[in-house]
Amino acid sequence: MKANFRITHFLFCLTFLSVFLAGCDKNNLLPVDDYYRFDKLNRLQMSKLNEVNYFLGFDTQAIPLSAVAYQLGGTQVKTPNQTISYYANGEKLAGESFLPTQAGTFNLIGKLADAVSDTVKVNVWDPATLSIVITAVDSDSEILSNGTDSVEFGIELRHGDDVIEGDFPIVLFVNEVQTGSIFTTRTPGNYTFVAKGFGLTSNAITIKSVTLPTYPLVRMPVIFHEVNRTTLTAAKIKELTDGMTKAYRNTLNNANAVKDANSADIFIEFYPMTTGPDGTQLATPGLERVTSTNVNFTQEETFSDAFNHFWNPDQVINVWVYPNIQGGYANSSWAYYPYVTVPLVGVGSATKGEQPFLPFGIFLNANHLVDQNTDEILAHEAGHMLGLAHVFDGDGSEFNNCSTEDPDYCSDTPYYDRNAYGRNMPSVYAQRFNRSACNGGQYVATNFMDYYYCYSNSFTVQQSRRVRHSINYALWLPTAFNGFQSGRRSSTLSLVEKPANLKYIKPVVCKMP
């Protein structure tokens, strides 16, 4: 009887213990923030969020959160996401997601037992505190209506003066029609651009699309002062001035290469001068042969020597042809920038009627009459006389790297790092005409204001505008502004006297192969 009682008592206790233990498993486990079974848990890493910017009123879905647990040694622990607790700015979240209700920056972390994850940040924005700003990138207020000239827009979402980084559903509109960030057209007119998103509208930018400009035709006589040589002939001089005319009428293309999409007619023609300072007909139109006691010339020596045969620049363009240039400019030709009475960025200012204090004209190295496209060189040097700079920063062998400002002040001429170009000269000849623009683009060199290696067949619209400013306001050019009546006719000339206090001024030097 006692044995049966003991057995019954044992079974009862066993049953009670089983029920007790089962109850502990179900009801008495500690929260996972305080207890975790894996004693080798090392770290917890938050998963990257798809978006770190949240916009109240526009983003309505909760942000899902997840984290990955790792043991010592780096082995991943397969842990159900619901066993991890998540916190935003120290406040525990109800589940595995975050649904913002107010603006601010929120630091999100996960916790599993004693492990605390890294932090991910979510910026929650109230669109009422934001603004959209658009800018026209590397462009002025006009483009050509040629289907290729373009304006590119940058779009920024800002909180005060701070730019919010990221890709956002902001759309650019032109005249209330959706467009892309790069705009071009063949239809002249005014185009107003705004960007819209998050219920906001940006500032407005108006771009004018214009047809190619036309100008009154200007004709300029040219005199070549050939020093200590008898190489030039009437036929050669006509060939050179005709080539200069073609360059400025947008038809010179010695290499038969593709021209710049923005190439423009500048409406200037050049022709050989027919009479000398004494009013008599020149034996060879456009030519004065000069004898100098010097045989060799430094660039500085030509500066002074040119005043010995400097015809009035208000009546003619002077081109001095010097042989045997010595020193660092042995392979160079050069010219001077103009002086204007109405300011033009990049050139000097002077007073109307001021007498020349430098030999204003073109200095053509006699070497550049042989095995060269001399008409291209003359067009280049005349460009300097008319206010055009190189399409890179520097001259001669003195080059700078990519400039912070456009070195030629023309937005339609890409510019490049001439130093880098020289260091990385391609071995394949055809590739030497390729350029890497400072803005990261690639293009083929076609501008007359570049030089070797360049197809030299284009001036652009912005360049034409600078030239026409010089035509209208520069001293020492045969233009109506300086009393010259444009046309193919003779005119009375005078010689320019050398100033008593002549001071050397460095020109724009152009080194050729």
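Residues are numbered from 1 along each chain as its sequence is written. In this predicted model, local features need pLDDT of at least 70 and side-chain atom pairs count only at pLDDT 80 or more, while totals for chains, interfaces and linings use all residues; side-chain values use heavy atoms, with hydrogens and water left out.

View 1. Strand E19 (residues 189-197) is joined to strand E16 (residues 171-174) by four bridges, and the two run antiparallel. Within this pairing, Phe 173 has Val 194 of E19 as its bridge partner. Five bridges connect E19 to strand E21 (residues 205-210), again in antiparallel orientation. Here Asn 190 is partnered by Lys 208 of E21.

**View 2. The hairpin of E19 and E20.** Strand E20 (residues 200-201) runs antiparallel to E19, with two bridges between them. Lys 196 has Thr 201 of E20 as its bridge partner. Two residues separate the strands of this hairpin, and Phe 198 in the turn has a positive phi of about 55 degrees.

**View 3. The salt bridge between Glu 142 and Arg 465.** A salt bridge places a side-chain nitrogen of Lys or Arg within 4 Å of a carboxyl oxygen of Asp or Glu. The closest N and O atoms of Glu 142 and Arg 465 are 2.7 Å apart. This pair links distant parts of the chain, 323 residues apart: Glu 142 belongs to strand E13 (residues 142-144) and Arg 465 to helix H6 (residues 461-473). Glu 142 is partly exposed at 25% relative accessibility, and Arg 465 is partly exposed at 26%. Buried denotes under 20% relative accessible area, exposed over 50%, and partly exposed in between (1.4 Å probe, protein chains only).

**View 4. The salt bridge between Glu 398 and Lys 506.** The side chains of Glu 398 and Lys 506 meet at 3.0 Å, N to O. Glu 398 lies in strand E31 (residues 398-399) and Lys 506 in the loop between H6 and strand E34 (508-511), so the contact ties together parts 108 residues apart in sequence.

**View 5. The salt bridge between Asp 450 and Arg 435.** These side chains, Asp 450 and Arg 435, meet at 3.1 Å, N to O. Asp 450 is buried at 2% relative accessibility, and Arg 435 is buried at 1%.

Notes
Pairing = 2+ DSSP bridges.
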